[in-house]
Amino acid sequence: MRIAATINGQQMQADDVWPGESLLYVLRERLGLPGSKNACEQGECGSCTVYLDGIPVCACLVAAGQAQGRDIVTVEGLAGPSQLHPVQQAFLDAGAVQCGFCTPGLIVATHDLLSRDAEPTDLEIREALAGNLCRCTGYEKILDAVRLAASRMRAGG
Amino acid sequence: MEFLQPTSWTDALAAKAASPEAVPICGGTDLMVELNFDARRPAALLDLTKVADLAQWDIDDGSVRLGAGVSYARIITELSARLPGLAMAARTVGSPQIRNRGTVGGNLGTASPAGDAHPPLLAAAATVEAASVRGTRLIGIDEFFTGVKRNALAADELIAAVRIPLPVGPEQFSKIGTRNAMVIAVAAFAVALQPARKLVRTGIGSAAPTPRRAPAAEQFLAGALAEHDLWESRAELPGPLLDRFGDLVTAAAAPIDDVRGTAAYRLHALGVMARRTLAWAWRQYQSASPEGS
């Protein structure tokens, strides 16, 4: 089947899509958007988190056909034309990126959290990121990055 | 594989009647895992995410009619005050991403013994609204689960909604697992007190082939509360009463050893959760004014 959707603000389409494949597969293998990572394929790790109609979801659990006509934003859609999004910059500055595999999902989940809550508590950060696994950092640097991004965004950065 | 994507409930029922082998998909949090791992290859998928009616809830005749496609995230944000027991269970589902997609309709369709919504739905005496081109029928939650991952739906039926009576007393829920997020229940328990009717209802999860109630525990507790005038006095529950309730809940379970836990652990955990949730619910009842309860 043909899948047409708005992805990072652009109308895109993919042909000969098997309807049971995941949105993640369509993004990575058919549309050349490998930012969303493919790790667990069962919604456990959050590495493939994308916005679907403004709501963060695991792209591996969305059937390709369900994405038809929807509005999707991936990690590739967050940065501005000349600079990273403050959440992305904060992850770099805080040392929250090691192997980097979990990073795209954590960036999208953090982006969502801070769009809803400009000053989350540590508990709220932990709850918001509970669906994203990182096997490198031990999460402390990730929490630092979220706090840093929040403070910069509150300051207008 | 066919991909059926109706945009109205009428069309969805017609599609299910024409292709009874089509597997309904909404949030995809169970089914997509099976497809990704090639564990299942249905002849057709019936996508219900474009049927707007399914994502609605309303209040009708003292019950919340919860559309089968309402996400757990929305239950938490929109229904916590009206359905506290179900909302408590909803908060324990997966992760934010999973709660944004997963639905109670999907939980009922999968009918896993470990489904998080099932214990509070059992405790709340919910009713499943099953629909087909032949009409709509109401299935009591006590009759809905028929075996491991089996339910009472006919091949041409879809779950339209679940009707959950508005609670008339405290509800509590507890679930045990290895961490706070992304946990399939090792065991779960829900309790609902109905002071005006002097009734108690329960729900056990992940500790029997199906979610089930603990009728002997319910009858014992309702009887003991009445016998000792505890509904009226709201006095502290005696320790032996809590213990007996826990023992009877444990006795109602029939767990197995599996990767998530042993049967012995599940039985122990259920007894603890039964005592705890009852103590929490009773404290709520004690702190509510008699006029307001």
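Strand 6 (residues 127-132) of chain B pairs with strand 10 of chain B in the antiparallel sense over 5 bridges, where strands are DSSP runs of E of at least two residues, helices are runs of H or I of at least four, and both are numbered from the N terminus; two strands count as paired if DSSP finds at least two bridges between them. Within strand 10 of chain B, V162(B) stands opposite V128(B). Strand 5 (residues 63-67) of chain B also runs antiparallel to strand 10 of chain B, with 5 bridges joining the two, and R65(B) has R163(B) as its bridge partner there. Strand 10 (residues 158-165) of chain B is mostly covered, 7 of its 8 residues being buried (20 or more other C-beta atoms within 10 Å of the residue's own; exposed means 12 or fewer, partly exposed in between, with C-beta atoms placed from the backbone).

The model is a predicted one, in which local features need pLDDT of at least 70 and side-chain atom pairs count only at pLDDT 80 or more, while totals for chains, interfaces and linings use all residues. Residues are numbered from 1 along each chain as its sequence is written, with chains lettered from A and ligands numbered from 1 in the order in which they are written.

Turning to chain A, its 5 helices and 5 strands follow the pattern β-β-α-β-β-β-α-α-α-α along the sequence. The radius of gyration of chain A, taken over C-alpha atoms, is 15 Å, close to the 15 Å given for 157 residues by the globule rule, so chain A is as compact as a globular protein of that length; the rule is 2.2 Å times the number of residues to the power 0.38. Of the 157 residues of chain A, 49% count as buried.

The strands of chain A include an open sheet of 5 with the order 2-1-5-3-4 and mixed pairing. Its edges are strand 2 (10-14) and strand 4 of chain A, each pairing on one side only. Strand 1 (residues 3-7) and strand 5 (residues 71-73) of chain A run parallel, joined by 2 bridges, and I7(A) stands opposite I72(A).

Finally, the two chains meet in a contact that takes 24 residues from chain A and 24 residues from chain B, residues being in contact if their C-beta atoms, placed from the backbone, lie within 7 Å. On the chain A side, the largest share, 4 residues, comes from strand 4 (residues 55-58) of chain A.
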